[in-house]
Amino acid sequence: MSKNPKIGLEGLLRPEDSILVLIDHQPYQFTNLNSHEPTMIINNVIGLAKSAKVFNVL
């Protein structure tokens, strides 16, 4: 662990220090999923990807 932890604004994540990794979402992955609605999962993934694009996260 770092002896000089980042605090304040330096402790926040920045787009240039971040990366977004998405798995390949396939329809058959949702067939046995009973905890969430498939459309909700798809909408959340799309929203996350669009947000990452707006904030220039690679």
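Guide: At 42% relative accessibility, Arg14 counts as partly exposed, where partly exposed lies between buried, under 20% relative accessible area, and exposed, over 50% (1.4 Å probe, protein chains only). This is a predicted model, in which local features need pLDDT of at least 70 and side-chain atom pairs count only at pLDDT 80 or more, while totals for chains, interfaces and linings use all residues. Residues are numbered from 1 along each chain as its sequence is written, and side-chain values use heavy atoms, with hydrogens and water left out.

Visitor: How many salt bridges are counted here?

Guide: A salt bridge is a side-chain nitrogen of Lys or Arg within 4 Å of a carboxyl oxygen of Asp or Glu, and by this rule the count is 2. Arg14 pairs with Glu16 at 3.4 Å, N to O, and with Asp17, where the closest N and O atoms are 2.8 Å apart. Glu16 is exposed, at 57% relative accessible area, whereas Asp17 is partly exposed, at 46%. Through shared partners, the salt bridges join Arg14, Glu16 and Asp17 into one network.

Visitor: What span does helix 1 reach from its first C-alpha to its last?

Guide: Helices are DSSP runs (H or I, at least four residues), numbered from the N terminus, and the expected span is 1.5 Å times one less than the number of residues. Helix 1, residues 38–54, has 17 residues and reaches 25 Å, close to the expected 24 Å. Just after helix 1, Asn56 takes a positive phi of about 60 degrees.

Technical notes
Helix = DSSP H or I, 4+ residues; strand = E, 2+ residues; numbered from the N terminus.
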